[in-house]
Structures are given as C-alpha cells and as structure tokens.
Amino acid sequence: MNAPADVSFFPRHAKPLTSYKPYWAKRFGVAPFLPMSRAEMEALGWDSCDVILVTGDAYVDHPSFGMAVIGRVLEAQGFRVGIIAQPDWHSAEAFKALGRPNLFWGVTAGNMDSMINRYTADRKIRSDDAYTPGGVAGKRPDRAAIVYSQRCREAYRDVPILLGGIEASLRRIAHYDYWSETVRRSILLDAKADLLLYGNAERALVEVAHRLARREPIESITDVRGTAFVRRGVPEGWFEIDSTDVDRPGRVEPHPNPYAMPSEQDGAPCAQEAGNATEQPVRLAPKAAALRAPRERTVIRLPSYEQVKADPVLYAHASRVLHLETNPGNARALVQAHGEGAAARDVWINPPPIPLTTAEMDWVFGLPYARSPHPAYADARGRHDGPTKIPAWEMIRFSVNIMRGCFGGCTFCSITEHEGRIIQSRSEDSIIREIEEIRDKVAGFTGVISDLGGPTANMYRLGCKSPEIEAACRKPSCVYPSICPNLHTDHGPLIRIYRRARALPGVKKILIGSGLRYDLAVRSPEYVKELVQHHVGGYLKIAPEHTEPGPLSKMMKPGIGSYDRFKQMFEKYSREAGKEQYLIPYFIAAHPGTSDEDMMNLALWLKKNGFRADQVQTFYPSPMATATAMYHTGLNPLKGIHRDERTERVDVVKGERRRRLHKAFLRYHDPNNWPLLREALKAMGRADLIGNGKHHLVPTYQPLTDGGYRAPRRANSTPPGTQARAGAASAAAQPRQPAKGQLLTQHTGLPPRVTGGAAAPGGVGPAGRQARRTPKSSGRPT
C-alpha cells in the first residue's frame with residue numbers, strides 16, 4: 001500500500017504493542033521454550049506462572065502456531081507464561097501441573113477447530129491429527145475449548161478464563177453446528193469463560209493482560225475491541241438499533257395530490273390540523289436517533305438465540321448483519337440475547353481490533369521463537385523427524401508467513417471471519433531476516449524455503465488506494481463480482497521479495513505453497529513470469545473451485561475464464577523457461593447453490609481437459625461462514641433477506657446420497673462411482689453421456705470393484721509393514737506396483753516429479769505422492 005508502514009489505516013489509532021510498560025517479571029528474561037512442567041519453571045527461577053495457556057495442539061515454538069505467538073508476545077510484555085498442551089481432559093489434575101496462574105488462563109482448541117480436526121465432511125472420524133506427535137488421533141476432546149474451560153474452572157475456580165483461537169472466533173454468536181445439525185448458542189455461555197478474544201488477538205490480549213495485572217476486575221473490562229463477553233442489558237449512554245426482525249411489506253399508501261389543500265388531503269378541518277400540530281410535537285424516532293449516533297456508541301441488537309434457532313429467515317438475517325459489521329473502520333458493536341425472562345443474558349461483541357501496523361507485525365514475528373517442537377516431543381535420538389514427528393510442523397518447518405488477512409471473501413472460507421479483510425504485511429527486511437534465521441539455525445535445512453505466503457500467496461501489501469474509502473467500505477469482497485477499481489493490485493513489492501530471497505547465499509529455491517489468487521495475478525504478467533520461472537517446483541496448486549456460474553456466484557469466486565487466462569500465461573512462461581510444469585486445480589463438491597447439472601458440466605470439463613482428481617473436497621459447513629448460513633437456511637444472505645419472493649432461494653445439497661453423487665462427478669473416472677453416475681445421468685435425461693467413446697463420461701461396462709473409494713496414492717503403495725521383494729511369489733502376495741514413471745497423480749498422465757529423494761518401492765519417490773491439503777490455522781476446512 002502507499003501509506004507509511006507506521007500509520008493506521010483507520011481514524012482511531014490503536015496503542016502500539018511495544019508502548020506498554022513491561023510487567024515486573026520481565027527481569028527473569030527469555031525462556032528457551034515456554035515451560036510445560038514444574039521442573040522447567042524451577043530451572044527458570046519461577047515460583048509461579050502469571051499466565052497459563054491451554055491448547056489442543058502439541059507445543060511447537062514457531063510463529064505459525066497460535067499458542068507460540070501468544071506466549072512469546074506475553075513474555076515480551078514481561079509476563080511469565082506456561083503452556084499445558086494436549087492435557088488429559090478427563091479430570092482437572094492435568095490442569096494443575098503448573099500451579100495456579102496469577103492473572104488468567106488462556107484457552108484455545110488449537111490451530112484448527114476441534115470438530116473439523118477430528119471429523120471429515122462426511123462426519124467420519126479422521127485417522128490422524130496433524131498437530132499431534134506421530135500424527136496420533138484422539139489427543140483432544142470434541143469441542144475442546146468448552147471442555148478445557150470447564151476443567152480450568154474446576155482446577156482454580158477464581159481465576160479468569162480468556163477464550164481464544166479459531167474455534168472460539170467462529171462460535172462467538174449463535175451458530176449452526178453441522179455435527180449436531182442444530183443451532184448452538186454462543187460458546188461463551190457453554191464454556192463459562194469470562195472473556196472471548198476473536199481473530200488474531202495480540203492487541204486485545206496485551207491490553208487485557210496489563211489491565212488484569214493492575215488488578216482491574218475482569219467484569220469491568222468491556223471496552224476492548226476484538227472481545228466478546230456476557231452482560232445484562234445495554235448500558236446508559238449507548239444507542240441501540242433494533243435489528244431483531246426483517247422487513248415485512250405493508251400497505252402501500254397512495255401518493256397525495258400535490259395540488260390539494262392540506263384540509264382536502266385527508267378530509268380533516270384546518271382547525272383540527274392546527275390543534276394536532278400544537279398538541280403532538282414532532283419527535284425523532286429512536287431508530288433514526290441511533291442511526292445518527294456515533295458509531296462507537298452504537299450497538300446493533302441481533303435476533304436472539306431462540307429466534308435464530310427457530311426461524312431460518314432470522315438466522316440468515318443475523319448472518320448478513322454480522323458480516324456487514326466486520327470492517328474495523330466502521331463496524332458497530334453487536335449484541336444477541338440468550339435466554340428469556342429473568343435468565344436472559346446478552347452476548348456483547350465489540351468491533352474487530354485495529355489491524356497491526358507493519359512495525360508491529362515485524363515485532364511479533366521477530367520474537368525469539370525456537371522454531372522447533374518442545375524437547376518433550378523428541379524421540380530416542382533427540383530428534384523431531386522420526387516417530388514423534390508433528391506433521392503440521394513438518395509442513396511449515398521451512399516456510400515464512402509474510403502477511404495476514406484476506407479480502408477475497410469466499411463464502412465457504414473462515415479466514416475472513418477470523419483474520420479479517422484488511423491485509424497486514426511484514427516489511428521486506430523482517431522477511432529476509434527470518435529466511436536467514438531458518439538457513440542458519442533450523443536443523444535439516446537443505447536450501448529450499450517451502451513457502452513465502454499466508455492465507456493468500458499474492459495479497460502481500462495489497463489494499464485500498466484510499467485509507468478513507470477502506471475505513472468506510474462495507475463490501476464483503478474486494479474482488480467479487482469484479483476487482484474493485486479502488487483496489488491497489490501492484491505486485492511489485494512481492495516480486496522484489498522473491499528476487500531478494502532467492503539471491504540469498506545458501507538458499508537454492510523459494511517455493512510458493514500458499515493458495516494463489518489468480519484473478520489478481522493475471523493483472524501482473526511480470527509477477528506470473530517470476531512465479532512460474534523461479535518459484536514452482538513442477539506443480540502449482542490453485543483453486544478455481546468450480547466451472548459453472550451458479551455455484552461460483554454463491555462462493556463469490558471468479559469465473560473459469562480467469563483460470564483459463566492464468567493457465568495460458570503459466571504455460572507460456574513455463575515454455576520460455578524450458579520447464580515442464582503443471583497446474584493442479586482444486587474443486588469443491590456439494591457447495592450450496594450447486595445443481596446436479598452443474599456437477600455434470602464440471603465433470604465434462606475435467607474430462608475434456610484431462611484431469612482426474614485424486615483427493616476430492618466436499619463442502620464442509622464451518623461455523624459462521626456465509627455458505628454455512630446458505631446450507632442451513634436455504635437462503636442467500638448475499639442478496640438481502642426478506643420474508644417474500646425477493647429473497648433468493650439456494651439449492652442446498654444435503655443427504656448422503658446426493659452429496660455422494662456430487663463427489664462421484666468429480667471422480668468420474670473411478671469405476672466404483674459408475675453405477676451411481678449412470679443412474680443419475682439417466683434421471684437427468686443425459687443417457688447420451690453413457691458409452692464407450694471418448695466423448696462419453698461413463699462407460700457401459702462395469703469391472704469388478706469393491707464398491708468403495710480408494711485413493712490411487714494408497715492403492716499403488718506398498719502395504720505398511722512389508723517391503724517390495726523380487727520374485728513371483730511376493731508379486732502375487734502384494735498389490736501390483738506401477739512401472740517407474742507411470743503412477744498417475746492429480747493431473748492425468750503426470751509422472752511423479754523427481755526431486756532427488758530416495759525412491760520408494762516401485763520407483764515412486766516421496767515427491768511422487770499426491771500432496772495433501774493439510775489445514776492451516778486460518779485456512780478453510782477441508
């Protein structure tokens with residue numbers, strides 16, 4: 001952006017994170033790792049912790065893990081911070097391991113929502129957990145934020161509980177819960193927490209911690225942005241806008257005759273009119289007064305929990321209002337009643353926090369992270385890359401986060417609900433310093449940086465051309481239905497970082513692994529050329545999500561034409577560089593607004609373009625997302641909510657059979673799906689697509705299958721515990737191994753890329769395995 005790095009983009013400047021007077025315990029210095037045991041505390045000279053963080057993830061001291069960031073930020077403010085990671089939640093004993101915290105508990109389910117972490121989109125239990133040593137599943141409870149909070153309360157009843165993380169952020173108001181198929185109340189009430197901090201909470205947490213250290217009661221801390229709490233009623237001095245219902249069409253009054261005398265318009269005598277004028281003075285309506293009131297003293301009352309649970313129209317309306325009040329520059333507070341009568345309480349949600357400046361981002365990412373899992377997770381050799389390896393850490397071990405936020409507004413994604421739409425970028429020098437630190441300090445570095453990115457790879461330093469417009473805008477997306485003319489789309493700063501990073505001594509390759517917004521990228525051919533010729537390792541993953549305008553409009557994604565333009569540029573620059581590289585597109589099945597015909601057309605597009613999808617993503621209704629509101633209500637909050645035909649209805653894909661059909665269209669090449677597809681095509685009147693020609697989608701013949709889906713990556717692999725051996729006997733006993741270079745991946749006919757890694761049985765090296773989309777902390781659920 002054009003604005004200086006140290007200037008807020010909003011009228012109200014926030015107190016810098018580095019301007020607080022440090023707490024007295026800063027004299028203890030910096031811990032190599034935040035302590036997880038009493039022995040570690042004693043080694044640091046501590047008799048107690050000021051703050052104890054409880055998390056559902058293993059403790060990895062890396063800036064991509066939320067608890068590490070929060071812990072190091074609080075430590076830099078002078079507080080003694082301990083961590084209880086993945087405790088045994090069956091009793092309160094594990095929560096007493098570090099003693100009583102002096103100030104507060106900080107509770108989070110982890111980098112992922114605990115329900116999404118454990119269950120697939122088909123509600124089946126996952127067999128692994130990427131945030132646990134060894135990938136072992138079952139180390140955290142369902143709805144972990146609630147369970148941990150209750151155990152903290154049992155352990156030390158009088159200690160305040162601050163709830164944070166993505167699980168809390170997405171459940172701060174009444175929300176549809178996919179796993180129980182009901183609307184649940186705010187997590188604040190179920191967790192019985194004192195305060196909820198949503199989004200990236202450094203700014204709010206630092207302020208709250210210092211105020212608690214000054215012995216302010218937790219009940220009095222109600223004015224911090226980015227927080228939610230429970231109270232009764234609206235305090236004096238606030239203006240309330242009642243938004244508990246939607247508009248109902250009333251009787252249309254006829255237009256008055258402009259030439260008639262006042263007494264002729266309604267038949268009333270002039271004297272009576274005069275009397276009414278003196279006896280009934282004009283009063284300003286309360287709602288009009290609230291609309292004219294200062295936004296910082298205005299609260300919008302949403303429909304109550306009981307209302308949104310009983311009425312889908314009001315649920316969709318509440319979702320729309322919430323998403324309209326997400327810009328830190330103009331958002332108003334929200335309040336939602338829970339309960340009735342004497343038991344009624346209000347969940348009050350303050351406006352989002354002011355985004356961090358570039359200087360503050362540099363400070364947060366420059367803290368002394370060990371960039372490694374805690375030593376408690378080391379294996380017998382003292383290493384973290386063996387049987388105790390934490391898959392999520394392995395994925396981001398050599399990656400660098402350069403920014404936060406996303407202004408794409410994709411309705412199925414939870415990034416904007418959590419991190420916001422304002423891009424917060426680090427400085428170039430800060431990013432380069434982190435790359436050098438990885439090069440010099442991180443064990444196992446081979447010269448390859450796996451990612452320079454964030455929620456979106458190419459939104460670094462992008463934003464509104466005008467700070468005033470940015471602070472006033474209420475659009476849910478800056479790039480849909482088209483790229484906003486006020487959006488600054490210069491990729492120059494990002495290109496400079498790429499070039500400077502790959503020129504560093506000891507750095508062989510800089511890869512880009514984050515999702516790419518290709519409709520922005522095509523505006524900068526220089527960026528696409530730099531990316532394709534220097535930062536792609538053979539494959540580049542992008543996500544058009546669909547080809548048809550119906551579902552794309554409900555996703556707020558660009559048309560497939562943008563993908564085609566990017567593909568042309570990608571192939572052109574790959575040829576110029578003499579490289580054989582491929583785009584790997586990802587698509588979503590069963591998204592709200594997707595008809596069976598839409599999925600059929602997508603399958604035809606896939607076949608025409610020679611794609612055979614291995615891993616398929618089915619729509620996952622995460623709490624608070626706009627697409628989840630569509631899924632639950634069958635209405636489109638993007639178009640406005642009414643109680644008549646003006647409200648757009650959405651085709652919602654529910655039921656196991658229909659969701660399986662949409663998934664089957666994406667895997668049209670799998671023989672296990674052919675019977676279902678033949679039946680569906682006949683019902684749709686498209687039996688012409690059944691046949692054995694190249695133009696047909698499904699053949700007429702049916703080979704013997706087990707009726708279930710098995711990924712080619714797994715089907716072509718050696719079973720665990722066995723080794724490939726020569727000889728006819730072993731060949732008969734094991735699945736047939738593909739010939740070297742013949743294994744198909746996401747792209748039809750694509751041989752596994754050669755990276756120099758050790759070859760696996762059958763000639764397939766580690767890079768030949770199809771890369772999984774491991775969820776990140778604020779990425780969308782898979």
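This is a predicted model: local features need pLDDT of at least 70, side-chain atom pairs count only at pLDDT 80 or more; totals for chains, interfaces and linings use all residues.
**Entry 1**

Residues are numbered from 1 along each chain as its sequence is written, and side-chain values use heavy atoms, with hydrogens and water left out.

Which residue does Arg 657 meet in a salt bridge? I found Glu 679, at 2.9 Å from N to O (a salt bridge is a side-chain nitrogen of Lys or Arg within 4 Å of a carboxyl oxygen of Asp or Glu). Arg 657 sits in helix α25 (residues 656-666) and Glu 679 in helix α26 (residues 674-683), so the pair ties together parts 22 residues apart in sequence. Helices here are DSSP runs of H or I with at least four residues, strands are runs of E with at least two, and they are numbered from the N terminus. Glu 679 is also partly exposed, with a relative accessible area of 47%.

**Entry 2: a salt-bridge network**

Next I noted a network in which salt bridges that share partners join Glu 207, Arg 211, Arg 214, Glu 216 and Asp 223. One of its pairs is Arg 211 with Glu 216, whose closest N and O atoms are 3.1 Å apart. Is Arg 211 buried or exposed? I have Arg 211 down as buried, with a relative accessible area of 9%, while Glu 216 counts as partly exposed at 25%.

**Entry 3: Asp 142 and Arg 118**

I then checked Asp 142, which forms a salt bridge with Arg 118, the closest N and O atoms being 3.0 Å apart. This pair links distant parts of the chain: Asp 142 is in the loop between α3 (114-118) and α4 (144-155), Arg 118 is in helix α3, and they are 24 residues apart. Both ends go down as partly exposed, Asp 142 at 24% and Arg 118 at 29%. For my tally, the count comes to 51 salt bridges.

**Entry 4: strand β12**

On to the strands. Why did I mark β12 (residues 333-338) as largely enclosed by the rest of the structure? Because 6 of its 6 residues are buried. Ala 333, Val 335 and Ala 337 point one way, Leu 334, Gln 336 and His 338 the other, and all are buried.

I looked up the neighbours too. Strand β11 (residues 298-301) pairs with β12 in the parallel sense over 3 bridges (two strands pair if DSSP finds at least two bridges between them). Ile 300 stands opposite Leu 334 there. Strand β13 (residues 345-349) runs antiparallel to β12, joined by 5 bridges, with Arg 345 as the bridge partner of His 338. β12 and β13 form a hairpin with 6 residues between them, and Gly 339 in the turn has a positive phi of about 95 degrees.

**Entry 5: strand β24**

How many residues of β24 (residues 582-589) are buried? I found 8 of 8. Tyr 582, Ile 584, Tyr 586 and Ile 588 lie on one covered face, with Leu 583, Pro 585, Phe 587 and Ala 589 on the other.

Strand β23 (residues 539-545) runs parallel to β24, with 5 bridges joining them, and Glu 545 stands opposite Phe 587. Strand β25 (residues 617-618) also pairs with β24 in the parallel sense, over 2 bridges; there I noted Ala 589 opposite Thr 618.

How values were computed: Buried means under 20% relative accessible area, exposed over 50%, partly exposed in between (1.4 Å probe, protein chains only).
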